[in-house]
Amino acid sequence: MTSLNFRLPADLRAYRPAISTRLVSHPIFAAMLVGVVSGVLLLVRDLVTTPIIALLYLLPVLLSTTLWGLSGGITASILSFLSFDYFFIPPHYALIVHKPQDVIVLLVFLIVASVISQLVGQVKSSLASIQAREAEVIHLYDLSQSLSGLWDRSRIARMLAGKISEVFGRVQIEVRLYMPSGAIVIREPDGNPSDDMPLTILPLASTRGALGEVRVWSMREMSDAEIRLLRAMVAQGAWALERAALIESETRVTILEESDRLKSALLSSVSHELRTPLVTIRAAAESLHNGAVNRNSPAADDLLDALEEESDRLNRVVADLLNMSRLEAGALTLLRQWNVLAEIADTSIAGMRRAAQDHKLEVDVSEDLPLVPVDHVLMQQVFNNLISNSLKYAPTGTAVKVSAKLTKDGSAVLLEVSNEGPHVPAEHLEHIFDKFHRVTDAERIPGTGLGLSICRGIIEAHGGRIWAENQPGGFAFKFTLPLRWEGSAAPKLPIDSEII
Amino acid sequence: MNNEPQVLVIDDEPQIVRALKTILTQKGFRVSTAARGEEGLALAVVTPPDVVILDLGLPDMDGIEVCRHLREWTQVPIIVLSIRESEKMKVAALDAGADDYLTKPFGIDELLARVRVALRHLTQAQGSKEPIIGAGAIQIDLARHIVTLNGEEVRLTPTEYDLLAYLASNAGRVLTHRSILEHVWGWAEAENVEYLRVYMMQLRKKLEADPRHPTYLMTEPGVGYRFVTGD
């Protein structure tokens, strides 16, 4: 009984208890074996004694039980007993026993034969069930291994259907997942099952109710053992689905928490940024209105200037917020065109003159650079944000420079907005483009903490890269803009040179 | 008969309407107001305005639609009001027949300048066109195709001249990329903006004192160009 190291048949057909054929064929084999033994013993009847014959008749019993199980063993026992009596117990060729000692021999034979066939049969059948259980365990292990890495529900359903079909062979499987948006139906193999096949339906049950169901159309009714295995496989599938649902909701919770954290950072930053100019506006308007400040005095002009400046500041905060929410929502559509970088830089700087009146704005962006495929308005926004950030931190009277040149390999333009402001600690350099990341005390320098992250969003949408560097005597923002757009370089323009 | 120009303001924000009405009345305009597109269109028929100030974000109908409806029967100048972040909408409104735009929040000087330009173009459209356009040191003689800078003739290529002439005859008014490409190059598509950009650069080199800080040939980011005469 050392046959436990068997190979698993591909479709487990050996595992199926084919009871109907076994019931008919095995007793016939056993009877034939008894016949053969009887024939041999008849030839040597005169040479051996009755007890020897009894012992020899145990051979077909043992052999039949071993080969064909309990049914074979019992058949062999009864036939051996009858043949023994008929052929070898005097009077021969009759089922009559005269001598009491022969009765004892026959009875002992019958008992021994029955016990042997019982014992061997039990071992046989428990082996078969152990083998079946082992096959079951191997299949379930295989299935759980295959499901363990999956978190997508339709892939889990597909894997489950595939494995069931691998184990049960010629069956038609349908895995149905109940989703909020409707059911997902996976069929293995593809196509519609025929109506006349027996159908087994098992629910994909979880602690949160049914997640779906599995329908199996088989060629014949399934045995109890098969249904048990199928049930176990479906349960594995249900666990995998439940786990996937849990992971999904956990991810959602993490995202929600993160966005909650950002929202409160946004609210505190924005309410501060909105309220500060409002304080000025309110005070200026009121003091002009109630006559606290004489309307014809220079103080009134100061207040009117403040009104304008602070409204502009409010407008910038609102624009930052809008841009950020568009970037976040992925609603930022680039209006890309081949642009002259010098024109964009010049337009941005023309708009910054007033804000930069305490600094020197220097531009070194050649008109001879290749055309760049960018959104003019958004690029202008990048320049504006980087310049106004520089203006906030660089000491008054120093220069803020904007320059551009081709990268070494000529595939992109490298732009730089540099200033003579203080260095940024190395650990902050990577993070200054993150939302709400403020290096300095937020109370001292105004800002929403959104400007630089908007720049990064815009540059990355253009396929470029943005970073910051400490330089000798200052600080610089650098970014690249690719020169190719959808695989092509800037068009060569046929410019007319003929003069009228 | 009242000779003060009639301005029709179509905007659904009562605060903006109130401010515009107060300021424009102070400046000597007659002002009628409408909070909805349908109402504005009806009012334009009853009291034909000399200028329409139209908000693009109306509750009942698209501002661009209002432009189209007005253009079906009148050439009255339309100035659209829009927010900064909607270049596409501005351009669509301009291509649908609007004459100019203002970005909210706008300055009152800017608004009055736009209204003046609009009124001037209205009188020009009704009467004869000025054959000579002056902007600072630049003189453009549309009849003789001659451009002078400080009295000296500037040599332009045919495309440069066509571009300048189109911009100058719409002095003060924004022209979209599409409309320039259509008029100067004869292209209906707004795709080859790079031609326009390169020609603008050349024109600035020939006409502007500092081509990198233009004062006449102005870029309107994302929208088009504007020739500013400075008066």
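**What stands behind the labels**

Reply: Let's start with a pair in chain B: Asp100(B) and Arg114(B) are both buried, where buried means under 20% relative accessible area, exposed over 50% and partly exposed in between, with a 1.4 Å probe and protein chains only. Keep in mind that this is a predicted model, in which local features need pLDDT of at least 70, side-chain atom pairs count only at pLDDT 80 or more, and totals for chains, interfaces and linings use all residues. Residues are numbered from 1 along each chain as its sequence is written, chains are lettered from A and ligands numbered from 1 in the order in which they are written, and side-chain values use heavy atoms, with hydrogens and water left out.

Me: What makes Asp100(B) and Arg114(B) a salt bridge?

Reply: The closest N and O atoms of Asp100(B) and Arg114(B) are 3.6 Å apart. A salt bridge needs a side-chain nitrogen of Lys or Arg within 4 Å of a carboxyl oxygen of Asp or Glu, so the pair qualifies. Asp100(B) sits in strand β5 (residues 100-104) and Arg114(B) in helix α5 (residues 108-126), 14 residues apart; helices (H or I, at least four residues) and strands (E, at least two) are DSSP runs, numbered from the N terminus. Asp100(B) and Arg114(B) also belong to a salt-bridge network with Glu110(B), Glu220(B) and Arg226(B).

Me: Why is Asp346(A) called buried?

Reply: Asp346(A) has a relative accessible area of 11%. The cut-off is under 20%, so Asp346(A) counts as buried.

Me: How much area is buried between chain B and chain A?

Reply: About 3,000 Å², of which carbon and sulfur atoms give 55%. Buried area is the accessible area (1.4 Å probe) that two parts lose on being put together, summed over both. The contact (heavy atoms within 4.5 Å) takes 31 residues from chain B and 32 residues from chain A.

Me: Why is the pair of Tyr57(A) and Phe84(A) called tilted?

Reply: Their ring centres are 6.0 Å apart and their planes stand at 50°. Rings of Phe, Tyr and Trp (its six-membered ring) pair if their centres lie within 6.5 Å; planes under 30 degrees apart count as stacked, over 60 as edge-to-face and the rest as tilted. The centres pass the distance test and 50° falls into the rest, so this pair is tilted. Tyr57(A) and Phe84(A) are both buried.

Me: And what makes Tyr57(A) and Phe88(A) edge-to-face?

Reply: The planes of Tyr57(A) and Phe88(A) are at 65°, with 5.9 Å centre to centre. That angle is over 60, so the pair is edge-to-face. Ring pairs link Tyr57(A), Phe84(A), Tyr86(A), Phe87(A), Phe88(A), Tyr93(A) and Phe109(A) into a cluster.

Me: How do you know that Asn419(A) and Ser390(A) are in polar contact?

Reply: Their side chains are joined at 3.0 Å. A polar contact is a pair of N or O atoms within 3.5 Å; within protein, one must be able to donate a hydrogen and the other to accept it, and residues adjacent in sequence count only if both atoms are side-chain atoms. Asn419(A) belongs to strand β9 (residues 412-419) of chain A and is buried, with a relative accessible area of 6%.

Me: Why does Ala476(A) count as buried?

Reply: Ala476(A) has 0% relative accessibility, which is under the 20% limit, so the label is buried. Ala476(A) lies in strand β11 (residues 474-482) of chain A. Beyond its neighbours within four places in sequence, Ala476(A) touches residues including Glu416(A), Val417(A) and Trp467(A).
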